[in-house]
Amino acid sequence: MNPTKRREVLVDVTLRLLREHGRDVTTKQIAEAAGIAEGTIFRVVDTKDELLAAAVARAFEPGDLVARIEEIDASLPLEERLLALVSIMQQRFRATFSLMQKVGMIRPPDHLHDSPGAVEWRARLELLLTGVVAPDADRLACPVDHLVHVLRLLTFAGSHEHIADGRFLTPEQIVSTVLHGLLRPSSITKETTTC
């Protein structure tokens, strides 16, 4: 296996172990999980910290998120498309929050949030998300990008243990709140549904 491929395997294995053990994971555990000798790790990275940083960076990459969002069937009713989208986003948020807690992070590393690649990725994600909603733009009382913004905020907050005070929101609760609010159907008027 060439060094580049070996490094990729080590980063993936390390990420998996970080989710389980946090920063207490040892190079011995990493080597055993990767099926290599412990010393082999240091042929592709200089330090354990470098490997841990690469694994954390991998967690913030798009991964299969794009493909999963693109798989949402555009012919489904809006509510079903949003349920699928929120489920995908919640899985991503919860996995990220769990990893951050395990490794003692309060926020993502700045270079992962502000780099040109991250900016391009956020723009691509915004297009994907608005694409899920856009077929029903004429039914909305607000612009598509505003609905997407509110949906993401509620999904983020409703998926974070501390923000949600341990009372996670289900995809159904999130989508229902965004589309219908919290008033009883007979109480909804045209004025209360605009944004």
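A word on how I name things: helices (H or I, at least four residues) and strands (E, at least two) are DSSP runs, numbered from the N terminus. With that in hand, Asp-165 is in the loop between α8 and α9 (171-180), and we'll come back to it. Before that, some housekeeping. This is a predicted model, so local features need pLDDT of at least 70 and side-chain atom pairs count only at pLDDT 80 or more, while totals for chains, interfaces and linings use all residues. Residues are numbered from 1 along each chain as its sequence is written, and side-chain values use heavy atoms, with hydrogens and water left out.

Okay, the overall picture. The chain has 9 helices and 0 strands, so in sequence order the pattern reads α-α-α-α-α-α-α-α-α. The C-alpha trace spans about 70 × 35 × 30 Å along its principal axes. I'll say buried for under 20% relative accessible area, exposed for over 50%, and partly exposed in between, with a 1.4 Å probe and protein chains only. By that count, 35% of the 195 residues are buried. Contact, for me, means heavy atoms within 4.5 Å. Take the contacts between residues at least 6 apart in sequence: 64% of them join residues at least 24 apart.

Let's start with α2, residues 27-34. Which of its residues are buried? Thr-27, Ile-30 and Ala-31 are. They cover an arc of only 95° around the axis, which puts them on the same side of α2; the arc is that of the directions from the helix axis to the C-beta atoms. The general point is that an α-helix has 3.6 residues a turn, so residues three or four places apart point the same way. Over on the other side of α2, Lys-28 and Glu-32 are exposed. And what do the buried residues of α2 pack against? They pack against α1 (3-21) and α3. After α2 comes Gly-35, with a positive phi near 70°.

Carry on into the loop between α2 and α3 and you find Phe-42. Phe-42 is partly exposed, at 39% relative accessible area. If you skip neighbours within four places in sequence, Phe-42 contacts Thr-27, Thr-47 and Lys-48. Phe-42 and Thr-27 are 15 residues apart in sequence, and their C-alpha atoms are 9.6 Å apart.

Grid points are joined across faces, edges and corners, and the volume is the space filled by probe spheres set on the points. The largest pocket comes out at about 1100 Å³. Of the 39 residues lining it, the closest to its centre are Phe-60, Phe-93, Thr-96, Pro-108 and Phe-156. The lining divides into 22 nonpolar, 10 polar and 7 charged residues.

At 1.5 Å a residue, the 26 residues of α5 should span 38 Å, and its end C-alpha atoms are 37 Å apart, which agrees; the expected span is 1.5 Å times one less than the number of residues. Just after α5, Gly-104 takes a positive phi of about 75°.

On to α7. Its buried residues include Trp-121, Leu-125, Leu-128 and Thr-130. Thr-130 has a relative accessible area of 18%, and, leaving out residues up to four places away, Thr-130 touches Val-144, Asp-145 and Val-148. Glu-70, in helix α4, is partly exposed at 49%.

Last, back to Asp-165, as promised. Most residues other than glycine have a negative phi. Asp-165 is not a glycine, yet its phi is positive, about 50°. Is Asp-165 buried or exposed? It's exposed, with a relative accessible area of 64%.

Notes:
On a 1 Å grid over the protein atoms alone, a cavity is a set of points where a 1.4 Å probe fits but cannot get out, and a pocket is an open set with protein on both sides within 12 Å along at least five of seven lines; lining residues have an atom within 4 Å of a point. Ala, Val, Leu, Ile, Met, Phe, Trp, Tyr, Cys and Pro count as nonpolar, Asp, Glu, Lys and Arg as charged, and the others, Gly among them, as polar.
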